[in-house]
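This report covers side-chain contacts, salt bridges, helix packing and backbone angles in one protein model. Please keep the sequence and the structure open while reading.

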Amino acid sequence: MLQLPTGAGKTYTFCELAKRYFADNIRKVLIVVHRTELLDQAFKSLGEKCFRIEKGVKVIPTNYDYYVGMVETINRRLNKLPDFGLVIIDESHIGNFRKLPFFEMNNTKVVGVSATPVAEIPLSNYFGQLVMPTTISNLISDNYLLNCDVYGFASDLVSKQKFKTKGGDFDEKQMEEFYSSEKMVKNVIEAYWQKIPGKKTIIFNVNLNHNDAVYKALKNEGLNVYQVTGETPLNERKKAINDFKNDPHGIMCNVGVLTTGFDEPKVEAIILNRATKSLPLYLQMIGRGSRIHENKEKFIVIDLGKNTSRHGFYDGEYDWKTMFYKGTKKENKSNSEGAAPIKECPSCGFMQHTRKVKCESCGHDFEEERIKQQKEEQQQKLYLLVRDNPINIPTDKIYAIAEERGWKEYAVLHKITEHIANYQKKYFNIVTDDYSNKIAMEELQKWCSKYSKKNNKWHREFMLRLLDTKREVK
């Protein structure tokens, strides 16, 4: 199994592998794909020595070096195929290759190719070794791919949803109902105008109904919008894709079509207009924007499904080896290896590591926010403490002892501040200086009334200095 990230040039790589294998062994090579666009790419790369196994083909000649076709088409013509020395299966994580007999043929080598070698049943059951020549971060560092800036949008609404799981991903019907709502469709439009106006954009939607709702809403905005789905007739799909490619400001709404086999380097923005539990789908969607192009330094991702928080950043390190050998049947969470904890800027929505104290996009001060949150938590805890265990400075007892023992008025004040300081030390995690100062001023008022003293500035400052001294004593 060859694992190559989206955008690393899988088609070029496995076609080159096919050519080298044939040159060394003079044995035929079959390339298995699952989408028309991928079939076209492989056929063009291998040239006139390649035969397309496709609908309508009744006779398969034996005088070609390379053959390319889709799983179902090949499966229906097994008895007409020549012998192959090498079979290359693209997008192997999909798993539809299992119906093919090549794994049982001792004289045939099989190579799987995938950007995301993840399946419920471990792929190691079929492929003996996982080869990982590079990573997304390496390809970005070497200027073969671009990285992205990610903005969360409508995260507060998404967080409240409790989508059920069906077939390994979030329930489509529940997602359609949520994402097709007027509020969420408006959020797509708002996100576009706020973050990516005029940029060439691909939007990944939930299903046909949702796709159509988003398409119509963007059309009503007067934008250059196109749409394709798995139900779009082939000639219409080709025209829509071609028109989108030629439109510098085009927006493409799609459902499950442009996740693999689509290469348009001029794409500047991706909108994840759905939530997914699938790491392969997440990376495939984002990868559509990662191709390098002239004057394109980064691309932008608008995440309307909290997918980045769920799976980690696009350029993160993923534990493909464990997933390849163990599968994901009981694994519903992200399989990112040491994925960085992520937070969303409350001001601009920019996604970044939780350790950042200032937003990399807008400069929002997270430290200020942290202190504010901490203070609010302290106030809440203090409120509960005061309600359940009220602060009770034993003033009456102190005054009684003072009379009995003949204490001076200011000795009494010392004793009162000592009690306040001890209380603060006992509940140091929630009682602040400001709060204990407030209690001190209340007790000072009582002391002044008791001993006919003026509650003036001098006495207030004296009381606070006294309290500071008591607080410093351990």
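## Surroundings of Pro82

Leaving aside residues up to four places away in sequence, Pro82 touches Lys28, Ile60, Thr62 and Tyr67, where contact means heavy atoms within 4.5 Å. Pro82 sits in the loop between α3 and β5. Helices (H or I, at least four residues) and strands (E, at least two) are DSSP runs, numbered from the N terminus. The relative accessible area of Pro82 is 11%, so this residue is buried; buried means under 20% relative accessible area, exposed over 50%, and partly exposed in between (1.4 Å probe, protein chains only). Between the C-alpha atoms of Pro82 and Asn63, which are 19 residues apart along the chain, the separation is 9.4 Å.

## Basis of the model

This is a predicted model, in which local features need pLDDT of at least 70 and side-chain atom pairs count only at pLDDT 80 or more, while totals for chains, interfaces and linings use all residues. Residues are numbered from 1 along each chain as its sequence is written, and side-chain values use heavy atoms, with hydrogens and water left out.

## Nonpolar cores

A nonpolar core is here a set of buried Ala, Val, Leu, Ile, Met, Phe, Trp, Tyr and Cys residues joined through side-chain atoms within 4.5 Å. The largest nonpolar core has 57 residues, and Leu30, Leu258 and Tyr314 touch the most other members. Helix α10 (residues 279-287) gives the most to this core, contributing five residues.

## Salt bridges

The whole structure contains 22 salt bridges, each defined by a side-chain nitrogen of Lys or Arg within 4 Å of a carboxyl oxygen of Asp or Glu. One of them joins Lys49 to Asp65, at 4.0 Å from N to O. Lys49 lies in the loop between α2 (36-46) and β3 (50-53), and Asp65 in the loop between β3 and β4 (66-70), so this pair ties together parts that are 16 residues apart in sequence. Lys49 is partly exposed at 48% relative accessibility, whereas Asp65 is buried at 14%.

Lys99 and Glu72 form another salt bridge, with their closest N and O atoms 2.5 Å apart. Here the loop between β5 (86-90) and β6 (109-114) supplies Lys99 and helix α3 (residues 71-75) supplies Glu72, so the pair ties together parts that are 27 residues apart in sequence. Lys99 is partly exposed, with a relative accessible area of 41%, and Glu72 is partly exposed at 38%. Within helix α17 (residues 457-472), Lys457 and Glu461 are four residues apart, about one turn of the helix. Their side chains meet in a salt bridge of 3.9 Å, N to O. Lys457 is exposed at 55%, and Glu461 is partly exposed at 37%. Asp40, Arg52 and Glu54 are linked in a network of salt bridges.

## Helix packing

Axes are lines fitted to C-alpha atoms, for helices over the stretch in contact, and angles run from 0 to 180 degrees between N-to-C directions. The axes of helix α1 (residues 10-25) and α2 come within 10 Å and cross at roughly 45°. That makes α1 oblique to α2, since angles under 35 degrees count as roughly parallel, over 145 as roughly antiparallel, 65 to 115 as roughly perpendicular and the rest as oblique. Thr11, Phe14, Cys15, Ala18 and Lys19 in α1 meet Gln41, Ala42, Ser45 and Leu46 in α2.

Helix α14 (residues 395-405) and helix α15 (residues 409-426) pack with their axes 10 Å apart, at an angle of about 150°. The two helices α14 and α15 are therefore roughly antiparallel to each other. Thr395, Ile398, Tyr399 and Ala402 of α14 make the contact with Val412, Lys415, Ile416 and His419 of α15.

## Positive phi angles

Most residues other than glycine have a negative phi. In Glu91, a residue other than glycine, phi is positive, near 50°. Glu91 is found in the loop between β5 and β6 and is buried, with a relative accessible area of 2%. Ala154 also has a positive phi, near 60°. Ala154 lies in the loop between β7 (148-152) and α5 (155-159) and is buried at 13% relative accessible area.
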